[in-house]
Amino acid sequence: MKLTAAIFLLLVVSVYCSAQTPNIVFILTDDLDTEIGGMTPLEKTKRLIGDNGITFLNMFVTTPICCPSRASIFTGKYQHNHRTLNNTVDGGCSNTAWQQTEEHKAFPFHLQTQGYDTFFAGKYLNQYGMDTVGGVGHVPPGWSSWVGLVGNSVYYNYTLSVNGTAETHGHDYTSDYLTDVIHKRAKEFLGDKTNDSSPFFMMLSTPACHDPWEPAPQYESNFPDIQAPRFGSFNTHGKGKHWLIQQAITPMDNDTIAFVDDVYRRRWRTLLSVDDMVEDLVNTLEAKGLLANTFIFFSSDNGYHTGQFSMPTDKRLLYEFDVRVPLLVRGPGVAAGSKNEENVLNIDFGPTFVELAGGHVPDTMDGKSLASVLHNTRDDSVPFRTEFLTEYQGETNTNIFSCSQWENQGMAYCPVWAHCVCEDSWNNTYTCIRRSDGEQNMKFCQFADSESFEEMYDLSRDHYELMNIAKSHPEERSQLLDAMSRLVACNGASCRSPQANLS
């Protein structure tokens, strides 16, 4: 009888210890919005993660573009602290300065030092693997197993760095379709995992639904009648907006609208392979007895627009469609089917992963851990976050091919199919503060342009940001400007301290 009791006690202790060191899976999509229906085709993902966990209704990125947002995800820092300004090497994307000052402080390094077996597959940073920044031989610190895409998102014809060795892929669906390759490598990583293994962290970073929007062959004809949503600011002249929005053509030409609709359908089609991957991974974890002790996070690096304010297809803008992204989480202690309206950010991933793994949030991180939110142990009478920043620095291209009128004008991304409507420019450089405290839901933005142009929106009354009230509400403008001035100088704890957010 004593032996039986001892064995029972050992089992209880074993289960308890396992619960203290959960596995973590992080699925990061590319350019997936929430405002214009991006989550609609992901039925399995919503059911298997959202319905079995928590859906965050107010999840934002602090910079609405790939490389700076991903830098924020890995470091837990605002752009003004990690200094990755855009998608170029000169702009800090995976360059030597990043590698020397930020990579070794990113969350994977902390997880590995906490005893985690860490695995990465997919897109890392847009300039990763380029010869000028270390090539495929550079494996970022903190990863036990590394399958990193060289360069930006594609679906075929690419190179992977597999633990520092180049692996080339062509255009054969069965062996090269990148979402499926990520899926297969994840299954291989999980192959020998048991509840007796070291805890693992697995990050899967898919190309979907980024351009060039190439779906798997079996999904090429799905959603034949779907169009980009026509509500809100679609094909609407941006009244009271900064210069970049003013240069858009309204109404959009019929061929532009046709292209936008095609992009919208193709984006959805690429996501179906992600949905399949999520389903298979959940089933695999369950079959191996790992699911009950595994957190699964699902999100994106930025949102997207398809015709909002007549801007054809891209991101980079300050508006809700570009800064809002999904966040679904399931895992031990997370209430199934729950919804949460707190303001959470991409800079919260790092602190969250470190705390869930049993560590302390590093002082260098600006974000806050979501662990207490996930476990519903925090004081709900105190808002999780009432103010936060959105920061962006506009890009420029010297040569604007086929749109010679914009050459040497500080413009970028001006596709001829969109009749040379440009998606970025030097003066699309801005800082915004969002205040959402239960009484206000305001956004104030200031541009670093020749006008110091300002935009302000009362989002509780104007969700689609149609009416700029910066000039008509001077008192609110002054309060938000003062708060923004403090936050742009924050670092680490001062970014998440309530004192930093007092007006």
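Predicted model: local features only at pLDDT ≥ 70, side-chain atom pairs only at ≥ 80, totals over all residues.

Guide: What follows is a quick tour of helices, cores and charged pairs.

Visitor: OK, helix H2. Which residues are buried there?
Guide: In H2, residues 43-50, the buried ones are Thr45, Leu48, Ile49 and Gly50. Buried means under 20% relative accessible area, exposed is over 50%, and partly exposed is in between, using a 1.4 Å probe and protein chains only. Helices (H or I, at least four residues) and strands (E, at least two) are DSSP runs, numbered from the N terminus.

Visitor: Why do the buried residues of H2 line one face?
Guide: Looking down the axis of H2, they fall within an arc of 165°, so they line one face of the helix. That arc is taken over the directions from the helix axis to the C-beta atoms.

Visitor: And what covers them?
Guide: The cover includes strand S2 (54-56), helix H10 (254-287), strand S9 (294-300) and strand S12 (327-330).

Visitor: How many residues of H3 are buried?
Guide: For H3, residues 66-75, it's 10 of 10. Arg70 is among them. Just after H3, Gly76 takes a positive phi of about 75°.

Visitor: Switching topic: how many residues are in the largest nonpolar core?
Guide: It has 63, and Phe107, Phe201, Phe297 and Leu374 have the most contacts inside it. A nonpolar core here is a set of buried Ala, Val, Leu, Ile, Met, Phe, Trp, Tyr and Cys residues joined through side-chain atoms within 4.5 Å. Helix H14 (residues 474-487) gives the most to this core, with five residues.

Visitor: What does Phe201 touch?
Guide: Not counting residues up to four places away in sequence, its contacts (heavy atoms within 4.5 Å) include Ile24, Phe26, Phe107, Trp143 and Phe353. Apart from this core lies another one, of 42 residues, among them Tyr158, Leu160, Tyr177 and Leu271.

Visitor: Now charges. What's up with Arg269?
Guide: Arg269 sits in helix H10. Arg269 is buried yet has no salt bridge, and the nearest side chain of opposite charge, Asp262, is 4.7 Å away. A salt bridge needs a side-chain nitrogen of Lys or Arg within 4 Å of a carboxyl oxygen of Asp or Glu. On charge, Lys and Arg count as positive and Asp and Glu as negative, while His and the chain ends are not counted.

Visitor: So what does the side chain of Arg269 reach?
Guide: It reaches the backbone oxygen of Glu220 at 3.4 Å.

Visitor: How many salt bridges by that rule?
Guide: The count comes to 29. In one of them, Arg230 pairs with Asp261, and the closest N and O atoms are 2.7 Å apart. Arg230 lies in the loop between strand S8 (200-205) and helix H9 (243-246) and Asp261 in helix H10, so the pair ties together parts that are 31 residues apart in sequence.

Visitor: Is Asp261 buried or exposed?
Guide: Asp261 is buried, at 6% relative accessible area, whereas Arg230 counts as partly exposed at 36% relative accessibility.

Visitor: What about Asp314?
Guide: Asp314 forms a salt bridge with Arg316, with the closest N and O atoms 2.5 Å apart. Both Asp314 and Arg316 are buried.

Terms used:
Residues numbered from 1 in each chain as written. Heavy atoms only, no water. Polar contact = N/O pair within 3.5 Å; in protein donor to acceptor, adjacent residues only side chain to side chain.
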